[in-house]
Amino acid sequence: MTTTILFAANAGLWQTYRTPLGQALAEPGIDAHLSDAADPAAVDFIVYAPLSPLQDFAPFTRLRAVLSLWAGVERVVGNPTLTVPLCRMVDPALTEGMVEWVTGHVLRHHLGMDRHIRNPSREWDHTCPPLARERPVAMLGMGALGTACAEALVRLNFPVTGWSRTPRAHAAIPMLHGEAGLEQALRSASIVVTLLPRTPDTENLLDARRLAWMRIGSVILNPGRGALIDDAALIAALDAGRIAHATLDVFRTEPLPIDHPFWVHRCVTVTPHVAAATRAPSASRAIVENIRRAIAGEPLLHLVDRARGY
Ligand SMILES: NC(=O)c1ccc[n+]([C@@H]2O[C@H](COP(=O)([O-])OP(=O)(O)OC[C@H]3O[C@@H](n4cnc5c(N)ncnc54)[C@H](OP(=O)(O)O)[C@@H]3O)[C@@H](O)[C@H]2O)c1
């Protein structure tokens, strides 16, 4: 029987995805009708991105699952019309991209690269950075992305501590959880990376009180979600010299408004939500694997838990 798949992401993506998705569907031999427009009553699966004009899932009476092209699902997880399983994107290429962004920016701050890249006064500054083994890193969020980044940093000898919602164990990384664990992680790190989803529990997680737990001169990297950090509290901590630098990839409003103080703050680096792009060939394989599983009656991968919000 033919499976009907509706591609309902934001405009422009259909051209990027139609061929890779078609190729990925052909690999396991799935007989599919793939389209960016279909009779809702005939649709089995929706390939989805949260900025899609499709916000009412009620007419999709035969729908079996919604497969997100995004890892972060905060814009769709609370949609009351969505009653079928929702799967988020976990894709090796996306993870690889995030590992590169995080290790690159950690190494930038660890090695103090900026002072050599821009050195107008031609200063012959011999100061050597400590070794990575002397630069503790806290990874807030130890899911698909946080764990891969933490493991890459451990391979470079950084002592990494992980923090997650539930108690977890990792063979090479001490793990913490809960409020006391967060305090311990923040107090012990020189570099803090936030790779958490946006949920009601993580909104403004790094507020003034918790930013004050961070070591003087420490650095924040946020490739998770803008709402994890209280913007005003962060700027105050940077102005006070308490936090030395923040490298931010995600923001409450994107694109970051032209008059936002982050753009001009000398201790902030803005990257325009480029830490980890979803790449069509590998993302298509991840989507199709879940379609194959659903058809075969196997459990879906990377199911979103609606109650916890990620
Ligand atoms: N900038 C970019 O380009 C980009 C690209 C992709 C994704 N992202 C962001 O990265 C986020 C993480 O992605 P992922 O695939 O790693 O997600 P994931 O596999 O779902 O992992 C989420 C991690 O966050 C932890 N967590 C969730 N709520 C928490 C809380 N209240 N307190 C403490 N820990 C909490 C989870 O704890 P448990 O282990 O206990 O469940 C888990 O370790 C996404 O949600 C998205 O916002 C950004």
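pLDDT is the predictor's confidence in each residue, on a scale from 0 to 100. The model described here is predicted, and the protein averages a pLDDT of 97, with 100% of the residues scoring at least 70. Confidence is lowest in helix H3 (residues 114–117), where the mean is 95, and highest in strand S6, at 99.

An open sheet of 7 strands, paired in parallel, has the order S8-S7-S6-S9-S10-S11-S12. Strand S8 (175–177) and strand S12 (268–270) stand at the edges; each has a single partner strand, so one side of each is left without a neighbour in the sheet. On average, and with direction ignored, neighbouring strands are turned by 15° against each other. Within the sheet, strand S6 (residues 137–140) and strand S9 (residues 191–194) run parallel and are joined by 4 bridges. Leu140 has Thr194 of S9 as its bridge partner.

Two helices were examined against this sheet. Helix H5 (residues 178–188) lies across S6, strand S7 (160–164), S8 and S9, and runs at about 130° to S8. Helix H7 (residues 231–239) packs on the sheet and touches strand S10 (218–222), strand S11 (243–248) and S12. The direction of H7 makes about 140° with that of S11.

The largest nonpolar core has 52 residues, and Val102, Met139 and Val193 have the most contacts inside it. Beyond its neighbours within four places in sequence, Met139 is in contact with residues including Val102, Cys149, Leu153, Val160, Trp163, Val193 and Leu195. A second, separate core of 32 residues includes Leu196, Leu234, Phe251 and Val268. In soluble globular proteins, nonpolar side chains tend to be buried together.

The structure holds 0 disulfides. Among the cysteines, Cys128 has a relative accessibility of 66% and counts as exposed, because the cut-off for that class is over 50%. Cys267, in contrast, has a relative accessible area of 8% and is buried, since this value is under 20%.

The peptide bond from Glu254 to Pro255 is cis, with omega near -5°, and Pro255 is placed in the loop between S11 and S12. Arg122, in the loop between H3 and S6, has a positive phi, near 50°, although the residue is not glycine. At 74% relative accessibility, Arg122 counts as exposed. His302, in the segment after helix H8 (280–296), also has a positive phi, near 60°, in a residue other than glycine. The relative accessibility of His302 is 35%, so this residue counts as partly exposed.

Key:
Residues numbered from 1 in each chain as written. Predicted model: local features only at pLDDT ≥ 70, side-chain atom pairs only at ≥ 80, totals over all residues. Heavy atoms only, no water. Pairing = 2+ DSSP bridges. Axes fitted to C-alpha atoms, helices over the stretch in contact; angles between N-to-C directions. Contact = heavy atoms within 4.5 Å. Disulfide = S-S within 2.5 Å. Buried < 20%, exposed > 50% of the residue type's maximum accessible area, 1.4 Å probe, protein only. Core = buried A, V, L, I, M, F, W, Y, C linked by side-chain atoms within 4.5 Å.
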